[in-house]
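I opened the notebook to record what I looked up in this model, entry by entry, with the cut-offs beside the values.

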Amino acid sequence: MTDTTSASAASPSGKINLTSSASSALVKKRNRSEARLKYIGLGAIGFAFAMLAILIGSLVLTGRHAFTQTHVTLDVTFSPEFINPDNLARSDYRGLMQASVAASLPGLAADEQRKAVGVLSNAAQFTARDRIVAEPGLMGQTVKLNVPTSDAFDQLAKGLIDRETPEQFRRLKDDEIAIFDRMIADNRVTKPLNTALINNADSRFPELAGLRGAIMGSFWALLTCFVLSFPIGIGAAIYLEEFAPKNKISDFIEVNINNLAAVPSVVFGLLGLAVFVGALGMGRSVPLVGGLVLALMTLPTIIIATRAALKAVPPSIREAALGVGASKQQVVFHHVLPLAMPGIMTGTIIGLAQALGETAPLLLIGMNAFVTAAPSSPFDASTALPTQIFIWADSPERGFASRTSAAILVLLGFLVMMNAAAIYLRSRFERNW
């Protein structure tokens, strides 16, 4: 008699037939494995999102202070005692600001007036100068002028300096804080949006430092990179994919292009330093050189993305065009290339976004110099957003800590916009075959 509870039985053909209980056990085991894999994947995604949230949250918590700047409102009298009407650009604006502080806070002793002037940023006198130069008719009149405070008092207003800390361990003494508190009590202290963060170039004073020079430097470098890498990369990809004979030479070129895409960016920086700066004598800290280096680094990415987009076009498109009498060149440029252009643009934008965030090659060619003016052309010395972040992160002043995080957020914003543009182009123009 056959035992129906056995795990398996031999069939006439010699194969093992599982019983229903054994089969059920195997199915449960497989389902548990699939569920376990599913939960591991969900946990990995959750961990990645948690790390991203921690990163963005820490940047926002630190960088939010840089998006506002403490200002003091003063009653400034443009008196001939301090201002020479015949030479408005060169006058005693430092004395003017001291007199304005004394007039705005009456009753201060001479030493208190000097400490009160210390509340103001070094840019206060230049703010007054620019106002009278722009409006000479204000001579002899009293106007209210909003001027930024120095970094220490900006930190105090934002709660980054603890008033309970013993005086000997604080940047500000009790009498200096008392003067600032009097300004607050007189409603002279405000914290408007810090437009200088975008409108100003770099400065040694945190309250005056901005990203305009770095943004313009990155713009000129990326423009140079795009002008060079886009046509050269597309041309090389079209030739290799559509016209080049399939032999050992083309295989060798393809392998090396793939290898170049994996080369660390610092190697391209060394190449640019040796060739463009050393051999050709081009200037350091110049966006043109930075763009050339980034173009070399971006070319492999564009070539690979363009070849992938060309391969994605169905062969039937080529065959149909050839069937109606089109030449090989007409097939490629009139039919294949337009259909592949969304993928090409997507790969190009992603390559440029990668180039925007590169720091090592730009550091090697000197685009980390202290430059206080925004470049007006690719031939003017400048920094870039990644190198500006590096400079501020290395600065000892506490005010640069929040500006470093704010600069990172600005850079991330540009990267997100570029990647969003790539996603839009792909979803808007891509065709499903």
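Is Arg 318 buried or exposed? I find that Arg 318 is buried, because its relative accessible area is 16% (buried means under 20%, exposed over 50% and partly exposed in between, with a 1.4 Å probe and protein chains only).

Before going on I note that the model is predicted, so that local features need pLDDT of at least 70 and side-chain atom pairs count only at pLDDT 80 or more, while totals for chains, interfaces and linings use all residues. Residues are numbered from 1 along each chain as its sequence is written, and side-chain values use heavy atoms, with hydrogens and water left out.

Entry on Arg 318. I located Arg 318 in helix α12, residues 315-323 (helices are DSSP runs of H or I with at least four residues, numbered from the N terminus). Its side chain reaches the backbone oxygen of Leu 310 at 2.9 Å. Setting aside neighbours within four places in sequence, I list Glu 242, Leu 310, Val 313, Val 331 and Val 336 as the residues in contact with Arg 318 (contact means heavy atoms within 4.5 Å).

Entry on α10. Helix α10 runs over residues 265-279, and its 15 residues reach 20 Å from first C-alpha to last, close to the 21 Å expected at 1.5 Å a residue (the expected span is 1.5 Å times one less than the number of residues). I noted a bend of about 30 degrees at Gly 272, the bend being the angle between axes fitted to the seven residues ending there and the seven starting there. Gly 272 is also among the buried residues of α10, which include Phe 268 and Phe 276, and the buried residues of this helix pack against α9, α11 and α14. After α10 comes Gly 281, whose phi is positive, near 70 degrees.

Entry on aromatic rings. I paired rings of Phe, Tyr and Trp (its six-membered ring) if their centres lie within 6.5 Å, with planes under 30 degrees apart counted as stacked, over 60 as edge-to-face and the rest as tilted. By this rule the count comes to 4 aromatic pairs. Phe 219 and Trp 220 are edge-to-face, at 5.2 Å centre to centre and 65 degrees between the planes. The pair of Phe 226 and Phe 230 is stacked, because the ring centres are 5.0 Å apart and the planes stand at 20 degrees. Both lie in helix α8, 4 residues apart, about one turn of the helix. Phe 226 counts as partly exposed at 30% relative accessibility, whereas Phe 230 is buried at 17%.

Note on methods
Helices (H or I, at least four residues) and strands (E, at least two) are DSSP runs, numbered from the N terminus. A polar contact is a pair of N or O atoms within 3.5 Å; within protein, one must be able to donate a hydrogen and the other to accept it, and residues adjacent in sequence count only if both atoms are side-chain atoms.
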